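Work through the exercises below with the sequence and the 3D view open. Try each task before reading its solution.

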Amino acid sequence: MAVSLREYRARIKSTESMKKITRAMELIAASRIIKAQQRAQQAAPYARELTRAVSAVATFSNVDHPLTREEENPKRAAVLVITSDRGLAGAYSSSVLKEAERLAGRLRDEGKEIDWFLAGRKSEAYFKFRERPFVESWTGFSDQPTYDKAAEIGKALIEAFLADSAEQQGEEARYEDVDEVHIVYTRFRSMLVQEPTAVRLLPLEVVEGEEPPEEDELLPLYEFEPSASQVLDGLLPQYVQSRIFYSLLQAAASELAARQKAMKAATDNADELIKKLTRIANQARQAGITQEISEIVGGVNALADAQAAAND
Amino acid sequence: MADHTGAADTEALHVELVAADRTVWSGDAAMVIARTTEGDIGVLRDHAPALSLLAEAVVEIQVEGTDDVVVAAVDGGFLSVANNRVSILSEHIELGEDIHVDKAKAELEEARGLIGANNEAERRVRRAEARLRAAEKVSSGPGH
């Protein structure tokens, strides 16, 4: 009995230190969410102004740009999957991957082949473990994405999307040409709800004009410098990058929220486990004491019986 | 410039200086001077709607009602003007007062050393020059 008592005590101790770790991770995640939300808010003006500029060009000139051109017969699609770098965030990464698989199934049904682009170590590991090919991966920034990383990813995706026109101009493309680009990320709705979402990034759908002008109203004549098409050339890649940055920021906030929730559940579980183990340990200790007492009493009785027999 | 939009005369020129990850400066201005890929552009109140590509250069904003000038280095980007609202968008924007002159000089030297090595180098030089100019403009005091 004494041995198992020691075992129980050791288990209680290790559960306690585990609880300390999960509690710390919960608190860290909680404090980082606030920062992640702030970053998302700070990035909003840029996205807003860019959208405004893009819709201005779209409304006041004739948009025809390779990035907005729909392929007649799309054969290949690129999918960017945004997961976390580290685990201990509950089902966060696996639900993104599930959503990605769902999207992949849909795209395959439409007769498209899929090129995978991965962000986050978890998705990379998922593909490597299954020995499935992917085109490129970026890791090491999932909880604090920077704009430069988003720009890097954006450039790669745009390059893949425009690979066919680059080839026509005799340039060698780094990637195989794709006709569509999709992103799968987790949208941060609230601290409690984060949903994995799949959106199509390219070809871009430009939403025209925030307030559609009246029929008889004179349109403000925009001056484009150097020209509308060159401005668009500059704007659209930025727009794509800022959309990716937005997705990365949303994913980061979701990851931290998922981690906080998972770690809170782990801490609560540890609490319960400690309670249960303490009860069992107490029982074992009590059983040990009871046994010792009965052994002593038994021994004393035996001695008394022996003495009485000798005296007789 | 004629006003095509019919905005009120009293409306001030509102300026937003927005980098990819934050708003660097926003407020009312008397005039904005920026360098587009075609040349310098000055924007006053009631400017016609415009959308231009910016060069890696310095943007100056003369703050409304004061002698203050906000100087910032931009890394390319866009200038859009409509309805007395100017937004300057760039991936990286730094205010002149946040740039250290000596560091900017060192960076410029380093970038110059790289010229010819790759295509990025020239861009880096232009960027470093813009930063240095922004920093020097601020340190030489207001009134420029």
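## Exercise 1: A parallel pair in chain A

Strand β1 (residues 76-82) of chain A and strand β2 (residues 113-119) of chain A run parallel, joined by seven bridges. Keep in mind that this is a predicted model.

**Task.** Find the residue of β2(A) that stands opposite A:Ala78. Then explain why β1(A) counts as largely enclosed by the rest of the structure.

**Solution.** 
- Step 1. Go to A:Ala78 and look across to β2(A). A:Asp115 stands opposite.
- Step 2. Apply the burial cut-off: a residue is buried if 20 or more other C-beta atoms lie within 10 Å of its own.
- Step 3. Count along β1(A). Six of its seven residues are buried, so the strand is largely enclosed by the rest of the structure.

## Exercise 2: The nonpolar core

**Task.** Which residues have the most contacts inside the largest nonpolar core? Which helix gives the most to this core?

**Solution.** 
- Step 1. Take the size: the largest nonpolar core has 106 residues.
- Step 2. Pick out the residues with the most contacts inside it. They are A:Leu80, A:Val81, A:Ile82, A:Leu235 and B:Ala72.
- Step 3. Turn to the helix. Helix α6 (residues 228-311) of chain A gives the most, with 18 residues.
- Step 4. Check chain B. Domain 1 (13-96) and domain 2 (97-139) of chain B each supply at least three residues to this core.
- Step 5. Zoom in on A:Leu235. Leaving out residues up to four places away in sequence, A:Leu235 touches A:Leu50, A:Ala53, A:Val54, A:Val57 and B:Phe78.
- Step 6. In soluble globular proteins, nonpolar side chains tend to be buried together.

## Exercise 3: An annotated span

**Task.** What is the helix content of residues 256-283 of chain A, and how far apart are the end C-alpha atoms?

**Solution.** 
- Step 1. Start from the record. An unreviewed UniProt entry annotates residues 256-283 of chain A as "coiled-coil region".
- Step 2. Compare the model. The span is 100% helix and 0% strand.
- Step 3. Take the end-to-end distance. The end C-alpha atoms lie 40 Å apart.

## Exercise 4: The strands of chain B

**Task.** Give the order of elements in chain B. Then trace which strands pair with β2(B).

**Solution.** 
- Step 1. Count the elements: chain B has two helices and nine strands.
- Step 2. Read from the N terminus: β-β-β-β-β-β-β-β-β-α-α.
- Step 3. Pair β2(B) with β1(B). The two are antiparallel over seven bridges. They form a hairpin with two residues between them. B:Ala19 stands opposite B:Arg22.
- Step 4. Pair β2(B) with strand β3 (residues 40-43) of chain B. Four bridges join them, again in the antiparallel sense. B:Ala34 has B:Ile41 as its bridge partner. This hairpin has four residues between the strands, and B:Gly39 takes a positive phi near 145°.
- Step 5. Pair β2(B) with β5(B). This antiparallel pairing has four bridges. The partner of B:Ala29 is B:Val63.

## Exercise 5: Two domains in chain B

**Task.** Describe how domain 1 of chain B meets domain 2 of chain B.

**Solution.** 
- Step 1. Count the contact: 10 residues of domain 1 meet 13 residues of domain 2.
- Step 2. Name the elements on the domain 1 side. β5 (57-63), β6 (69-74) and β9 (93-95) of chain B each give two or more residues. β6(B) gives the most, with three residues.
- Step 3. Sort that side by class: six nonpolar, one polar and three charged residues.

## Exercise 6: Where the chains meet

**Task.** Which element gives the most to the side of chain B that touches chain A?

**Solution.** 
- Step 1. Size the contact. It takes 24 residues from chain B and 26 residues from chain A.
- Step 2. List the elements of chain B that give two or more residues: β1 (13-19), β2 (22-35), β4 (50-53), β7 (78-82) and β8 (85-90).
- Step 3. β4(B) gives the most, with four residues.
- Step 4. Sort the chain B side by class: 11 nonpolar, eight polar and five charged residues.
- Step 5. Strand β6 (residues 223-225) of chain A runs parallel to β4(B), with three bridges. A:Glu223 has B:Ala50 as its bridge partner.

How values were computed:
Residues are numbered from 1 along each chain as its sequence is written. Chains are lettered from A and ligands numbered from 1 in the order in which they are written. This is a predicted model: local features need pLDDT of at least 70, side-chain atom pairs count only at pLDDT 80 or more; totals for chains, interfaces and linings use all residues. Two residues are in contact if their C-beta atoms, placed from the backbone, lie within 7 Å. Ala, Val, Leu, Ile, Met, Phe, Trp, Tyr, Cys and Pro count as nonpolar, Asp, Glu, Lys and Arg as charged, and the others, Gly among them, as polar. Two strands pair if DSSP finds at least two bridges between them. UniProt positions are given in the numbering used here, feature names are shortened, and annotations may be inferred rather than shown by experiment. A nonpolar core is a set of buried Ala, Val, Leu, Ile, Met, Phe, Trp, Tyr and Cys residues joined through C-beta atoms within 7 Å. A residue is buried if 20 or more other C-beta atoms lie within 10 Å of its own, exposed if 12 or fewer, and partly exposed in between; C-beta atoms are placed from the backbone. Domain bounds come from an automatic or database domain assignment.
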